[in-house]
There are 2 protein chains.
Amino acid sequence: MKLSSIEEFFSHAHQLYLPAVSIDNVIFGFHENQLKVLLLQLVNKSVWALPGGFVGKSEHIDEAAARILKERTGLNDIFLQQFYTFGQPERSNNKILVKALQMLNQEFDKDHWVLQRFVTVGYYALVEYANVNPHPDEVSLACAWHDLDKLPELLMDHAEIIKKALDEMRLKLSVQPIGYNLLPKEFTMKNLQSIYETILGRKLDRANFNRKMLSSGILDRKEKHYSGGAHKAPYLYSFNRKKYFKALSSGLGRGF
Amino acid sequence: MKLSSIEEFFSHAHQLYLPAVSIDNVIFGFHENQLKVLLLQLVNKSVWALPGGFVGKSEHIDEAAARILKERTGLNDIFLQQFYTFGQPERSNNKILVKALQMLNQEFDKDHWVLQRFVTVGYYALVEYANVNPHPDEVSLACAWHDLDKLPELLMDHAEIIKKALDEMRLKLSVQPIGYNLLPKEFTMKNLQSIYETILGRKLDRANFNRKMLSSGILDRKEKHYSGGAHKAPYLYSFNRKKYFKALSSGLGRGF
DNA sequence: CTATTATTGTGTCATACTGACTCAATAACT
DNA sequence: AGTTATTGAGTCAGTATGACACAATAATAG
């Protein structure tokens, strides 16, 4: 059943979705060497929220997260990582949410299904900024990237969820390779280093970064060189798909 | 409200607990250098299950996990680590569970609240074997420790949950200290090494283990020596509470 | 066409950590 | 008093890491 209107969602949600369980996706993207996060603007205007959703009654929570990611960004086959589940009792049914829902539906019931307490499962994803065409869902005003250090006011505990996602991603960075969804097919070592520096929030030594990445074996060096910039032309690299995904599961070296 | 009977539980559970969300605790304990896991025997006899439970409508999921741990083991103030959330759609309402519930309650309804689909949040704990006095709850026949390599038939996806808990615990071992709940106040380096070897499932070099643990700074060496065994008397150590818990949050070295 | 300049690829070196091994000290037992 | 197994400490080669050096080079300026 396709929900084509807000009214239909409000009247049928309890039949289609699991109660008490929700998903929140923290979708990171890059732009101008800054880490961005995708947020939706509530109808109250001043408050933003993570792109989240509910779990179909016969749907795997991982599938629900992927579906929600696709609904918001149009992206498929992205590595979505479950990172934590948030279960404070007071995290739902707050004033801002109630206000937003009332603005969407005049006949909104204060005991409505969506205002019950939800435990939310957090997932994060890293996507290539250029590949994403953010479009808001039916219940939001806008969908836009925000700098991590200039976040707007956020709904409920969403600031905490973003912080935890970032912490977990930094931890995983030492074990898992990163960048597959963030870079074009061919890229320079400097591009890759920028991503690591942005995620980690600190500068890395260029020479040591080179050595480490090359020894990990997940990169293939091309014969071509990058041209266009001034100064010496760097090599171009691509990810070795096979080794990259092997490293995703079995782990890399000891990290940074 | 205290549920004093099975009938009360079946008739009031839906009023007291969140729907669709459950907790499963993987409680590891030591005995004779073997890692054990605490399991409950269903009334069907041949099948065992993790000590799990439900989340009170106004209860934090972490509190629910701690309450369930206490109900099963009598233990307080144990470091409980959330490690993963399991959300396959087919994980609930299986034949074995239905049978068990029917045996407990003749008038059991096939559409009962407890047979809805549940997403379960996994926690693990490490406890001192001797401190635990396992006692089964009202709906189980027995509560007992099982060797990890000789597990009985398990309910639903509980085997997968245990495997994931062990994997995550091994990963965390390189970042977090371990053993606080597993050893008496004073212990020998060999005691501690046994724990690491048991959890990791492989032997470690004695001299190198010594060096690493001492350099981490979380141990205080006592003047006393252990006496009782044959041969040279080893030093006794205790955990430095302050440094231990600091290391729990900020991390140790690079691990094993 | 040549010099300048910033960037890149590679090399070096001191330091720290790891795994494997050695060896003297020692406490209980014979 | 000698035997024996275990402990605490030390050595050493191999490896990874952080900091730095330097020549090669592609675009630009003159």
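Predicted model: local features only at pLDDT ≥ 70, side-chain atom pairs only at ≥ 80, totals over all residues.
**Note on the chain A–chain B pair and the domains of chain A**

1. Chain B superposes on chain A by a rotation of 180° with 0.0 Å of shift along its axis, at an RMSD of 0.1 Å. That is the relation of a two-fold axis.

2. Residues are numbered from 1 along each chain as its sequence is written, chains are lettered from A and ligands numbered from 1 in the order in which they are written, and side-chain values use heavy atoms, with hydrogens and water left out.

3. The chain interface brings 25 residues of chain B into contact with 25 residues of chain A; contact means heavy atoms within 4.5 Å. The copies meet through the same surface, because 100% of the interface residues of chain B are also interface residues in chain A.

4. About 1,900 Å² is buried between chain B and chain A, and carbon and sulfur atoms give 60% of this area. Buried area is the accessible area (1.4 Å probe) that two parts lose on being put together, summed over both.

5. Between chain B and chain A there are zero salt bridges (a side-chain nitrogen of Lys or Arg within 4 Å of a carboxyl oxygen of Asp or Glu). Polar contacts are present: 11 residue pairs, both at pLDDT 80 or more. A polar contact is a pair of N or O atoms within 3.5 Å; within protein, one must be able to donate a hydrogen and the other to accept it, and residues adjacent in sequence count only if both atoms are side-chain atoms. By class, the side of chain B that touches chain A has 12 nonpolar, eight polar and five charged residues.

6. Within chain A, the assignment gives domain 1 (6–165) and domain 2 (189–250). Such bounds come from an automatic or database domain assignment. The C-alpha centres of domain 1 and domain 2 of chain A lie 33 Å apart. Their contact takes six residues from domain 1 of chain A and five residues from domain 2 of chain A.

7. Domain 1 and domain 2 of chain A bury about 440 Å² between them, 80% of it from carbon and sulfur atoms. A:Phe30, A:Asn33 and A:Leu35 supply 75% of the area that domain 1 of chain A buries against domain 2 of chain A, more than any other three residues. Zero salt bridges are counted between these domains of chain A.

Note on methods:
Least-squares fit on C-alpha atoms with pLDDT ≥ 70 in both. Nonpolar A, V, L, I, M, F, W, Y, C, P; charged D, E, K, R; others polar.
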